[in-house]
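Hi,

Here is the structure I promised to pass on. Have a look at it first, and my notes on what turned up follow below.

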Amino acid sequence: MTVRRASGICPVLLAIFLLILGEQSAETASDYDPYKILGVSRSASHPEIKRAYKNLAREWHPDKNKDPKAEDTFIKITKSYGILSNEERRSNFDRYGQMDENQAFGQSQHPGFRSFHNSFYFDESFFHFPRSRDFADSKYLLHHAQFNSDVLPDSHKRPYLIKVTSEWCFACVHIEPVWKETVQELEPLGVGIGIVDLGSERRLANQLGAHRAPSIIGLVNGRVTFFHQAVVREHLRQFIEDLLPYKLVEKITDNNYLTFLDNWHEENKPSVLLFDQVPIVPLLYKLTAFAFRDYVRFGHVDQGDTHCTRLLRQFNINTYAPTMMLFKEDTEKPIDIIQARGLKRQIMDEFVSNNKFLQVPRLVNQKLFDELCPVKQFHRRRKYCVLLITGEDQAFHPGNKAFLDFATANRKDVLRFAYVYQRQQPQLCQALLHNQASISPQVVILERRTQAGKVLYRSVSGGWNGSEEDKYRLHEQLELLQKDPTYLSLDATLPELNNEMAPIFIIHWMNVAYDYILQIYDDLLYSNWREMMPILSLIFSALFILFGTVIIQAFSEPGENKPRKPKPKEQPQTEDDASSRASTSSRPPKKNFVEVTELTDITYISNLVKLRPGHINVVLVLTNASKKALLGKFAKEVFSFSGTQTLHFSFLNADKHCHWMPSLLRSASDAAESEGHSDEDEEPSDYAGYVLALNGHKKYFCLFRPVFTGDDPSDSSSETSFSSNSKRSSRSRSRSSSSSSSRSRSHSREDGAGPKRGSSRATSIEVHHKLDRLGLWMERLMEGTLPRLQVPAWPSLDESANSSRES
């Protein structure tokens, strides 16, 4: 009986105790009034609240006020201003007396009970335990604008460890001691620290994907990663180390140290070696390598490894203290050395930043050019860039080595030496060499004036081959330059340099895809659905678009994908109007358009004599009378081949240049006779309709002679000027000559006889039929099966030049 009474009384006593404690906590909450703490009325405006906060904060700041209660008072003042400066939180407090914006409006003021009539609920905020933020944490608080302008760009140089917290967070208090120890350890190493208040910086928290407190986030290269392990100092340290790229520091032994140091040619970077007794790479060294990875290559040597004895003996390393050596072009002797038992981050940064460029670096991108040769500032001393324009072949190595020796012996603060490969940076070299290819290496002295690319420069006369005379001449001109800045008399506007070190697109895409896969795996593993919703939305949208396109193509009718045939009366725009618009440009043809250039005295050299190797110019010979009909037929026959980049299409007016075709055929026949071949064909009197495929570089051509099929033309655009009687008579003529036309089909595509001229209507039809077999001839041209006629030289369009050459 006694046991039963006790068991019945205990729940009642516990409920009474909780009610009393809840009332006390409610009274404690009601005693807190931010208006009284700041000394303003409830109707005070925002400027009045801000003014009161500044006055009180200045008075009770712990650094100025030595009162023992100053720090607690300052925290209350800051907290009160945080409530009253936020419209939502101030309205919440005015209506319900709440200070935690995470509690729903209109809820009971007793935070220890939720839905008391339904169930008894006890949570961590029952005791109304506010999180008193340490004053030292205020310097780590992040705001949305500050995060995007400062922290995000800086995350490409150092990792950030960010804690997401909020007011009245009981769990945040538990991790506070571990967080302080981790900050004290990692911040001196160079890790950035940040704190985000979930209540006051909701926008920044949403950007980070943090929807609960406490959360710990790592930020590297702009990528956000959540920490999911137990909050222990060793775990947080390993978390930061795992965020860094995989191959920041290379392990160096006797087998690979020569390759590592000699790789400055390809990487265009100095090399740093850390000799340490610890086999694991220190986190401080990894963080330094991450900060300077764009400038310097880093290697680690384990002094206790038996495979490093030759390396230690060669550089006479002291095994009792860590040693850092920096190498540039000279791989046998370091350019700088530091040795200390306790290497600090500041010492390592100064050591690397003072030697982050080679003695003579190669300009591989615009960023490096801007740092080596900065734009002249009025408050700074002038900086001159001595640039060697050279090549990367073996023949240029002695001259490049001599330029390096000269730069090493003439090091000055006002001079910066660099070199550039002409093949890698052609636009820069053309701007400095007056658009002329440099036959031998050239030295240019320049001074940058504006960010837009304007420079003053002067080329060193005589070129550069590394001789003592070249060195003396360059030294003399540098002395003159320092005495007289107006020595640089030429000016130019330099283009932006090509980024030679840019990763290939497919590699960049694979790296991005790998990061997304890791993030999705991490979110799936820890079921963090709210944080992974943007990524899932992006993936499902891409899959929907992909499969939607496939399904639409699968169920679409076959005829929908076929191109529409042009109307019968439409022809490609290559008649008089198209030919007048044709120019010598080599743009790819547009739809229903063939670009045909007329060979004139201006275009003859560029379109034939100096035609690029591998390119062929297909030339149609016509007259004024046959120009309209032949151009239209020519465009229809060659249109399917106009997409080839190595084919160019032109026409030659035989009435203007009547001597050119006979001169070309005679030179070809003379060349054939000299080789033992004879050509007994007679020269025709009319070359209209002849087509030649001219290879200007190899000096040969393929010839198409008109072939008459006797078929009616497919369209009647060229017959509109004739009467119906002439149409019937011309059709009868074409049918009567079908037997002779069939015989002509059996001949070679290059052969054909010209018909006798009759009426004007018959002549028009004969002209239209001259190019009937041109499409088949073009196919053989693309296959390379046509016979080639060699010429010793191309005849000139000028008749007087040809006659003088023959005489």
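Let me begin with helix α16: at 1.5 Å a residue its 13 residues should span 18 Å, and the end C-alpha atoms are 19 Å apart, which agrees. The expected span here is 1.5 Å times one less than the number of residues. Helices (H or I, at least four residues) and strands (E, at least two) are DSSP runs, numbered from the N terminus.

Before going on, please keep in mind that this is a predicted model: local features need pLDDT of at least 70, side-chain atom pairs count only at pLDDT 80 or more, and totals for chains, interfaces and linings use all residues. Residues are numbered from 1 along each chain as its sequence is written, and side-chain values use heavy atoms, with hydrogens and water left out.

Back to α16. Its buried residues are Gly399, Asn400, Ala402, Phe403, Leu404, Phe406 and Ala407. Buried means under 20% relative accessible area, exposed over 50%, and partly exposed in between (1.4 Å probe, protein chains only). What covers those α16 residues? The cover includes β10, β11, β12 and α18, where contact means heavy atoms within 4.5 Å.

Those strands belong to an open sheet of 5 strands, in the order β11-β10-β12-β13-β14 and with mixed pairing. Its edge strands are β11 (415–421) and β14 (490–493), each pairing on one side only. From one strand to the next, the twist averages 35 degrees. Two strands count as paired if DSSP finds at least two bridges between them. As for angles, axes are lines fitted to C-alpha atoms (for helices over the stretch in contact), and angles run from 0 to 180 degrees between N-to-C directions.

Some details of that sheet:

- β10 and β11 run parallel and are joined by 7 bridges, with isoleucine 389 standing opposite valine 420 in β11.
- 6 of the 7 residues of β11 are buried, so this strand is largely enclosed by the rest of the structure.
- β12 (residues 442–448) and β13 (residues 454–459) pair in the antiparallel sense over 5 bridges, and arginine 448 stands opposite valine 455 in β13.
- Helix α18 (residues 468–483) lies across β10 (384–390), β11, β12 and β13, at about 15 degrees to β12.

Now the rings. Searching the whole structure gives 16 aromatic pairs. Rings of Phe, Tyr and Trp (its six-membered ring) pair if their centres lie within 6.5 Å; planes under 30 degrees apart count as stacked, over 60 as edge-to-face and the rest as tilted. In one of the pairs, phenylalanine 406 and tryptophan 464 have ring centres 6.4 Å apart and planes at 70 degrees, so the pair is edge-to-face. Phenylalanine 406 lies in α16 (residues 397–409) and tryptophan 464 in the loop between β13 and α18, so the pair ties together parts that are 58 residues apart in sequence. Both phenylalanine 406 and tryptophan 464 are buried. Tyrosine 687 and tyrosine 690 have ring centres 5.4 Å apart and planes at 70 degrees, so this pair too is edge-to-face. Tyrosine 687 and tyrosine 690 are both buried. There is also an aromatic cluster, formed by Phe403, Phe406, Phe417 and Trp464.

Which ring does the charged end of arginine 293 sit over? The ring is that of phenylalanine 290, with the charged end 4.2 Å from its centre. Likewise, the charged end of lysine 356 sits over the ring of tyrosine 295, 4.4 Å from its centre. The test is that NZ of Lys or CZ of Arg is within 6 Å of the ring centre and within 35 degrees of the ring normal.

There is another open sheet to look at, with 6 strands in the order β15-β17-β16-β18-β19-β20 and mixed pairing. β15 (596–598) and β20 stand at its edges with a single partner strand each, so one side of each is left without a neighbour in the sheet. Strands β16 (residues 616–622) and β18 (residues 691–695) run antiparallel and are joined by 4 bridges, and asparagine 617 stands opposite leucine 694 in β18. Helix α23 (residues 627–638) lies across β15, β16, β17 (647–653) and β18, at about 150 degrees to β16.

Finally, the overall picture: the protein has 29 helices and 20 strands, and 43% of its 807 residues count as buried.

Cheers
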